[in-house]
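Reader: I'm new to this one. Can you walk me through it?
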Amino acid sequence: MDINVTTYIDGEKLLFEKNEGSFREEDKSYVINYFDKNKKSFEIVIDKNKDNVSILKEGVAMSLGSNPAETRYSPEFGIIKLKLKLLGLNILEKNKFIQFEINYKIFFSAIDSQNNTLKILIKRS
């Protein structure tokens with residue numbers, strides 16, 4: 001199944017990847033699994049109540065919620081702790097397509113932050 005992931009940082013498109021993976025809908029969540037171009041495994045769990053998203057990269061969880069919370073993040077150079085806040089989550093469905101738009105803020109310090117958006121488009125079989 002094709003899973004298209006587009007990453008935006010501060011409103012600017014930074015990265016687009018087309019990945020092969022799986023998607024399933026559970027009672028309370030959506031679960032997306034795929035490997036990126038660097039063969040890193042991702043699992044994204046999206047709560048149907050739209051108040052919680054968990055992104056697991058190579059087993060390291062990054063939790064996004066409506067209240068700012070410290071979480072672990074795994075960039076290319078190792079695991080770091082950051083404060084993250086889920087700003088919004090939109091789920092759009094039409095015919096065989098489903099799109100998730102995850103908006104969140106990363107707080108690097110009290111004066112430095114960054115707005116991120118992940119758009120995930122899936123064509124269901």
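Author: A short tour of the fold and its charged pairs follows. This is a predicted model, where local features need pLDDT of at least 70, side-chain atom pairs count only at pLDDT 80 or more, and totals for chains, interfaces and linings use all residues. Residues are numbered from 1 along each chain as its sequence is written, and side-chain values use heavy atoms, leaving out hydrogens and water.

Reader: How much of the protein chain is buried?
Author: 38% of its 125 residues. Buried means under 20% relative accessible area, exposed over 50%, and partly exposed in between, using a 1.4 Å probe and protein chains only.

Reader: New topic. How many salt bridges are there?
Author: Six. Each is a side-chain nitrogen of Lys or Arg within 4 Å of a carboxyl oxygen of Asp or Glu.

Reader: What does Lys48 pair with?
Author: Glu25, at 2.8 Å from N to O. Lys48 sits in the loop between strand 4 and strand 5 and Glu25 in strand 2, so the pair ties together parts 23 residues apart in sequence.

Reader: What about Arg124 and Glu25?
Author: They form a salt bridge, with the closest N and O atoms 3.7 Å apart. Arg124 follows strand 10, 99 residues from Glu25.

Reader: Which residues are linked in a network?
Author: Glu25, Lys48, Glu93 and Arg124, through salt bridges.

Conventions:
Helices (H or I, at least four residues) and strands (E, at least two) are DSSP runs, numbered from the N terminus.
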